[in-house]
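Student: Could you take me through one part of this model in detail? I'd like a close look at how one chain meets its partners.

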Amino acid sequence: MHMHKFEKIWLTFGISALVVFLTVVGVSAFYLGNKPPSCLTTINVDKVDQTKPFDKPGLHKVEGKDWDYELVYVAAAFSYNPLKVEVPVGAKVKVIATTKDVVHGFEVAGTNINMMLEPGYVSEYTTTFDKTGEYLIVCNEYCGAGHHLMSSMIEVVK
Amino acid sequence: MANSTTAKVKVDPRDAKLSMAHFFVAFSALALGGLMGLLQTLVRSGKWELPWGIDYYQILTVHGVLMGLVLTTFFIMGFQYAAVSRTTGGHSNAARRTGWIGFWIMLVGTLMAATMVLLKEASVLYTFYAPLKAHWIFYLGLTFVIVGSWIDGAAQIMTYAKWRKNNPGQPSPLLSFMAVINTVMWIIATLGVAATVLFQLLPWSLGLVDTVDVLVSRTLFWYFGHPLVYFWLLPAYMCWYAIIPKIIGGKIFSDSLARLSFILFLLFSIPVGFHHQLTEPGIDPAWKFLQVILTFMVIIPSLMTAFSLFATFERYGRSKGATGLFGWFKVLPWGDARFTVPFIGMASFIPAGAGGIINASNQMDQVVHNTIWVTGHFHLTAATSVVLTFFGISYWLVPHLTGRKLTKAMNKLGIIQAWVWFIGMAFMSGAMHFQGLLGGPRRSAFSTYGGSKQAAEWIPYQIAQAVGGTILFIGIILVIIIFINLAFFAPKGEEEFPVAVAENLEEKAPMVFENWKLWLGIAAALILFAYTIPFIDIIQNAPPGSKGFQTWSKW
Amino acid sequence: MAKAELKTNQKTEIENSSSLKGTLASVFLLGAFIVVTWVSVYYLFVERF
Ligand code: HEM
Ligand SMILES: [Cu+2]
Ligand SMILES: [Cu+2]
């Protein structure tokens, strides 16, 4: 099987570019801590309201952890609890969320906080809220008739 | 010698009938699905509402099922069945009977599922994610579609096997080889979706079991979901590699490299489903990244394809005396719809592929996951590259099968249709990409999200999508007009089924490409490698199962 | 034979007419496009929290 010299040049370039892309995201994920959300913690979907931390949705200051706040959400067709929170700018926050019924999305528009909420699983993402403004949380996975009405609001304030 | 005889070779009329049966279903799905697409963009513009209690998610289910599952599967099976018939000398009676049985089972399954969607018993979208629980007839219908497609595909495999037996030591005809690769990939891939539908969703919707393991079901679905998109793409590649060169009067750049790229697709399209589950909580990040690496492997055959196509065009152009770096581009037969229509599809694959690499880049998926960017992306891949190529194929295949001719007028209309489609899609898909980067979610009816500022910024893009959708719908009307003309009204005559030959005929394709034990073995090994451990993890660490929900609006 | 003649004729021409430099340029334009779009979205990812 014969391959033209130019094709070899092209494939060398192309494959190198792919390797560079993979290295960049790989290093960023596994050494700089930017892994996509994978919490691997399970929960009994029928007992969400009684299970910590979901018994108290909302923003909580925490001590002695790598992050300053925990922001807890419970999703159910077709709303999030809480509906609105204020987060001080610069706070390092662990967002923790789960669903009480079907699969929902949890996307903070304009940020990298974008995770699936699946019954029986806890989804988490830790990040520093370093820009002020209003951030809309939308459900971005179809969950039923009111899917497009399902939202919440985060205000990052001075 | 090859040239003078092949020009006249016709698909056996009995095979033609079965292919045409597939195309009637496919183009009906396109017409109806296209109407739904238009309505979706109108609803999302916020300027218009659906009448008579029809709801957005019902028509979105119709659109996704008709376009993503029915149009594609029926067109592909019909096209590949004809391509195998054309290049092997025809199907046997047994293969033909098998094909018809498969076709009818698929059709019955489609009608069962469609009925449940119309009754609002299954507004679960074409991905039917548990624990949304549709009517059991919907799942049974899907089972029929899958099993029917296996039987339908078996007809192609039977004929290929017979050809191999009659021609020992010979590489099989390129188009047949490619068709069989795609069918085999489809069969391996659909095992996953068949498993979740048959063993999880069907018993659960019948009330035989109370709960379903959501993550197992999603994982089985996406084991199928990624090769699904390659199942759509490979028939387009068949046309680009093995048919277009003949249409322009050139040669296949390299038969062996074409086969190699199809083998790579078979191996690497399947063990990559986690790249659709990157933001899910229950899968280990290391295994996600492993499948991201495998996903990047499947980009390589597309890089090869890009080179081969440009090379075919350049070689042809230079043989016509074109000079300079890009002189060859101008001498391509732009007036021939059989070339220009798929060419616009090929060109669209450049942004489509670039977007795909972004989607697959592990944590970068968080920027775009489940935003309308993704919808913009697959309207370039599937709804432009693939379907424009399918349209281009139909413009000679339908008259070939019905014993008619593509007239000058229809040829012209075909080219206009493709440009209309391209312009409409530039608006719709372009606006979807930008809105997605701003965070606009997919699969969502119009919403102001309680007057949010961010959501207000999305609305102009949604209006641009409605403009694009309207132009696209004109494209749908045009292609349906052409299809009906070619199927029933075009003048009788002989339209060629173009099959290209390779530039270098002395270089026989290595027989190792036809060593199915080897390739199926490697494919199985890669699948087991990518899935065994994480899948056992998912089952062992499973939370209590989910009961079913019907959260959509009912009649 | 006419056919054989044709072949030799082509051979001499092929030296300059079989060039694939346009192909090489085209795929590299394609490659550049891929890199630019990828880097842009990566930039968005880094820029956002
Ligand atoms: C007239 C042409 C078309 C228009 C106007 C159109 C419009 C749309 C719109 C607006 C959506 C997304 C809505 C949302 O996410 O809320 C959509 C989804 C979709 N379209 Fe199209 N489309 C067209 C043609 C096609 C074609 C030809 C195909 C397939 C080959 C296709 C396949 C799909 C699929 C699979 C979905 C996803 C459905 C889902 O998310 O459940 N579309 N289309
Ligand atoms: Cu939701
Ligand atoms: Cu994929």
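**Chain A and its two partners**

Tutor: Happy to. Keep in mind that this is a predicted model. Let's start where chain A meets chain C. Across that interface, four residue pairs are in polar contact, with both residues at pLDDT 80 or more. Two elements of chain A, helix H1 (5–30) and strand E9 (121–128), each bring at least two residues to the side that touches chain C. The largest share comes from H1(A), with eight residues. Sort that side of chain A by residue type and you get eleven nonpolar, eight polar and two charged.

As for salt bridges between chain A and chain C, the count is zero. The contact draws on 21 residues from chain A and 15 residues from chain C. Together the two chains bury about 1800 Å², and carbon and sulfur atoms account for 77% of it. On the chain A side, three residues stand out: A:Trp10, A:Phe21 and A:Asn112 supply 35% of the area that chain A buries against chain C, more than any other three residues.

Now turn to chain B. Here the contact involves 68 residues from chain A and 76 residues from chain B. Chain A and chain B bury about 5600 Å² between them, with 65% of it on carbon and sulfur atoms. The chain A residues that lose the most area to chain B are A:Met1, A:Tyr142 and A:His148, which together make up 13% of what that side buries.

What about charges and polar pairs at this interface? Chain A and chain B share three salt bridges. One of them pairs A:Glu141 with B:Arg443, where the closest N and O atoms are 3.1 Å apart.

H1(A) gives the most, with 14 residues. By type, the side of chain A that touches chain B splits into 39 nonpolar, 20 polar and nine charged.

Notes. Residues numbered from 1 in each chain as written. Chains lettered and ligands numbered in written order. Predicted model: local features only at pLDDT ≥ 70, side-chain atom pairs only at ≥ 80, totals over all residues. Heavy atoms only, no water. Contact = heavy atoms within 4.5 Å. Buried area = accessible area lost by both parts, 1.4 Å probe. Salt bridge = Lys/Arg side-chain N within 4 Å of Asp/Glu carboxyl O. Polar contact = N/O pair within 3.5 Å; in protein donor to acceptor, adjacent residues only side chain to side chain. Helix = DSSP H or I, 4+ residues; strand = E, 2+ residues; numbered from the N terminus. Nonpolar A, V, L, I, M, F, W, Y, C, P; charged D, E, K, R; others polar.
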